[in-house]
Amino acid sequence: MVRAIVITSGKGGVGKTTVTANIGAALALRERKVALIDTDIGLRNLDVVMGLENRVVYHLLDVVKGTCHLDQALVRDKRLQKLYMLAASQHHLKEDLRQEDIKEVVQKLAEDGFDYVLLDSPAGIETGFRNAASAASEAIVVTNPEVSAIRDADRVIGLLSSMSVPCKLVLNRYDRSRARTGRMLESEDVKEILGVELLGVVPEDRDVLGASNIGVPVAIDGKGGAKKAFTLIAGRIEGEQAEDTTEGKGIWNRIKELLS
Ligand SMILES: Nc1ncnc2c1ncn2[C@@H]1O[C@H](COP(=O)(O)OP(=O)(O)OP(=O)(O)O)[C@@H](O)[C@H]1O
Ligand SMILES: [Mg+2]
């Protein structure tokens with residue numbers, strides 16, 4: 001059974017494409033067969049973050065319109081044998097894609113033996129979001145620890161619930177030292193405000209930007225906190241109960257826990 005997971009957020013620029021690429025790579029490193037679909041029609045980015053832009057010949061709309069077969073459009077990752085990507089078209093509109101089209105593509109990927117399909121959603125809550133979410137059986141909502149991102153995430157969580165798509169949360173660009181000194185919301189606060197399970201906390205990590213620019217996701221070649229976080233998240237998606245050492249607990253919380 002394929003697991004089709006939409007990565008969405010409401011607010012733009014919070015890290016959906018980064019999270020899609022890295023969770024995909026981390027799952028492929030666990031020998032899962034993974035397809036990443038860029039559903040951000042008109043503004044494709046996933047191919048660049050994956051470093052696969054020169055290999056893209058066909059895209060999602062070509063598959064949907066029957067210009068090519070799915071296997072012609074799927075680009076295999078340079079480093080991971082089980083990781084594939086389907087690019088978005090830059091010359092179409094989000095309205096050119098219908099919900100049935102994307103569901104059919106997911107269905108074909110399921111028949112081809114993929115374990116996971118990760119759908120990188122565009123920002124917003126309109127057609128592009130709805131197309132991606134309608135083809136998914138689960139969602140990962142990405143947010144940053146800032147009020148506007150959290151408010152948009154809350155809205156998206158409500159919409160996903162009305163579409164009966166269960167979701168979990170990834171808190172991205174978290175800075176533990178700023179949270180500790182009260183200059184940023186704590187991860188626990190974000191979790192409480194949004195009321196959904198926290199799949200993982202990805203720290204602010206300057207390697208992420210460099211990795212995007214050279215097209216090698218940190219989950220493949222990184223060394224810092226973001227790589228660790230994506231590895232943990234992939235494990236949790238697969239049902240492992242790993243403690244989040246990247247987030248840290250702080251000495252006072254540890255002492256409180258020991259004494260309680
Ligand atoms: N954990 C992180 N640490 C540092 N930088 C990050 C992190 N996550 C994402 N970024 C940076 O934030 C920027 C936006 O990320 P990304 O493109 O993944 O967001 P997005 O939600 O897909 O945006 P859009 O809504 O435009 O599709 C990129 O420059 C990326 O490198
Ligand atoms: Mg994006």
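Modeller: Residues are numbered from 1 along each chain as its sequence is written, while chains are lettered from A and ligands numbered from 1 in the order in which they are written. In this predicted model local features need pLDDT of at least 70 and side-chain atom pairs count only at pLDDT 80 or more, whereas totals for chains, interfaces and linings use all residues.

Biologist: Why is Pro 145 called buried?

Modeller: A residue is buried if 20 or more other C-beta atoms, placed from the backbone, lie within 10 Å of its own, exposed if 12 or fewer, and partly exposed in between. Pro 145 has 21 such atoms within 10 Å, so it is buried. Its place is in the loop between β6 (138-143) and α7. Buried residues make up 50% of the 260 residues in the chain.

Biologist: Which residues does Pro 145 touch, leaving out those up to four places away in sequence?

Modeller: Two residues are in contact if their C-beta atoms, placed from the backbone, lie within 7 Å. On that basis Pro 145 touches Leu 171, Tyr 174, Ala 179, Met 184, Leu 185 and Val 190.

Biologist: What makes the contact of α7 with α9?

Modeller: Ile 150, Ala 153, Asp 154 and Ile 157 of α7 meet Val 190, Ile 193 and Leu 194 of α9. Ala, Val, Leu, Ile, Met, Phe, Trp, Tyr, Cys and Pro count as nonpolar, Asp, Glu, Lys and Arg as charged, and the others, Gly among them, as polar. By class, this contact has six nonpolar, no polar and one charged residues.

Biologist: What surrounds ligand 1?

Modeller: A residue is near a molecule if its C-beta atom, placed from the backbone, lies within 6 Å of it. Ligand 1 is surrounded by 20 residues, the closest being Gly 12, Lys 16, Thr 17, Thr 18 and Ala 123. Two or more residues of the shell come from each of α1 (16-29), β7 (167-174) and α10 (206-214). The shell has six nonpolar, nine polar and five charged residues.

Methods
Helices (H or I, at least four residues) and strands (E, at least two) are DSSP runs, numbered from the N terminus.
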